[in-house]
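Here are some notes to keep beside you as you look at this chain for the first time. Take the points in order, and turn the view as you go.

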Amino acid sequence: MSKDARHYDTIVAPVITEKATIASENNQFVFKVRRDATKPQIKAAIEKLFDVKVTAVNTVLRKGKNKVFRGVRGKQQDVKKAVVTLADGYRIDVTSGL
C-alpha cells in the first residue's frame with residue numbers, strides 16, 4: 001500500500017478531546033478533515049495511512065462561530081470532522097505521528 005500525498009491533504013489532524021477519547025473505546029476515531037473531502041476519500045485516506053479496515057465514515061460540518069477575544073471581534077472557520085468506525089481488531093494510535 002503506497003501512501004499518496006493527497007491522503008495527507010485530506011486528513012488535517014486527529015481530534016483529541018474527552019468525547020473523542022471515549023469514542024475510541026468503541027473503535028471510533030475523530031479527525032479534522034478538509035471541508036471539500038468526501039466520505040469515500042476520507043475512508044481511502046484512513047485505510048492507506050494507518051493500514052486499517054474502515055467500516056463507516058460519518059461527517060459533521062460545524063459552522064464557524066462569532067467570537068470576541070480581548071475586545072476584538074472575529075469569526076472562527078467552519079470545521080469538518082469525520083468520525084471513522086474501524087472493523088474489529090483494528091486500532092489507531094492518534095498520539096503518535098504519521
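This is a predicted model: local features need pLDDT of at least 70, side-chain atom pairs count only at pLDDT 80 or more; totals for chains, interfaces and linings use all residues.

1. Overall make-up. The chain holds 3 helices and 6 strands.

2. Dimensions and surface. Along the principal axes, the C-alpha atoms fill a box of roughly 50 × 30 × 25 Å. The accessible surface of the chain is about 6900 Å², and carbon and sulfur atoms account for 50% of that. Of the 98 residues, 30% count as buried.

3. Contacts along the chain. Take the contacts in the chain with a separation of 6 or more: 61% of them are made by residues 24 or more positions apart. Several of the residues described below give you examples to follow by eye.

4. The nonpolar core. Which residues touch the most other members of the largest nonpolar core? They are Ile11, Phe31, Ile42, Ile46 and Val84, out of 16 residues in that core. The elements that each give two or more residues to this core are β2, α3 (39-50), β3 and β6. Helix α3 supplies the largest share, with 4 residues. As background, nonpolar side chains tend to be buried together in soluble globular proteins.

5. Leaving out residues up to four places away in sequence, isoleucine 42 touches Thr10, Ile11, Val33, Ala37, Val57, Thr59, Ala82 and Val84. Two of these partners, Ile11 and Val84, are named above with Ile42 among the core members that touch the most others.

6. Histidine 7. You will find histidine 7 in helix α1 (residues 5-10). Is histidine 7 buried or exposed? Its relative accessible area is 6%, so histidine 7 is buried, the cut-off being under 20%. Beyond residues up to four places away in sequence, its contacts are Ala44, Ala45, Lys48 and Leu49.

7. The largest pocket. About 320 Å³ of space lies in this pocket. It is lined by 13 residues, and the closest to its centre are Val15, Thr17, Lys19, Val30 and Lys81. Two or more lining residues come from each of α2 (18-24), β2 (28-33), β3 (54-62) and β6 (79-86). By type, the lining divides into 7 nonpolar, 2 polar and 4 charged residues.

8. Asparagine 27. This residue sits in the loop between α2 and β2. With a relative accessible area of 12%, asparagine 27 is buried. Its contacts, not counting residues up to four places away in sequence, are Val84, Thr85, Leu86, Ala87, Asp88, Gly89, Tyr90 and Arg91. The backbone deserves a look too: phi of asparagine 27 is near 60°, a positive value in a residue other than glycine. Most residues other than glycine have a negative phi.

9. Arginine 70. Here is another positive phi in a residue other than glycine, with a value near 55° for arginine 70. Arginine 70 lies in the loop between β4 (66-69) and β5 (72-75). What is the relative accessibility of arginine 70? The value is 76%, so arginine 70 counts as exposed, the cut-off being over 50%.

10. Tyrosine 90. Look for tyrosine 90 in the segment after β6. Tyrosine 90 is partly exposed, at a relative accessible area of 34%. Setting aside neighbours within four places in sequence, tyrosine 90 is in contact with Asn27, Asp51, Val52 and Lys53.

11. Arginine 62. Strand β3 is the place of arginine 62, and a relative accessibility of 28% makes arginine 62 partly exposed. Apart from residues up to four places away in sequence, arginine 62 touches Gln76, Gln77, Asp78 and Val79. Its C-alpha atom is separated by 6.2 Å from that of lysine 80, which is 18 residues away along the chain.

How values were computed
Residues are numbered from 1 along each chain as its sequence is written. Side-chain values use heavy atoms; hydrogens and water are left out. On a 1 Å grid over the protein atoms alone, a cavity is a set of points where a 1.4 Å probe fits but cannot get out, and a pocket is an open set with protein on both sides within 12 Å along at least five of seven lines; lining residues have an atom within 4 Å of a point. Grid points are joined across faces, edges and corners, and a volume is the space filled by probe spheres set on the points. Ala, Val, Leu, Ile, Met, Phe, Trp, Tyr, Cys and Pro count as nonpolar, Asp, Glu, Lys and Arg as charged, and the others, Gly among them, as polar. Buried means under 20% relative accessible area, exposed over 50%, partly exposed in between (1.4 Å probe, protein chains only). Contact means heavy atoms within 4.5 Å. Accessible areas come from the Shrake-Rupley method with a 1.4 Å probe; for residues, only the protein chains shown count as cover. A nonpolar core is a set of buried Ala, Val, Leu, Ile, Met, Phe, Trp, Tyr and Cys residues joined through side-chain atoms within 4.5 Å.
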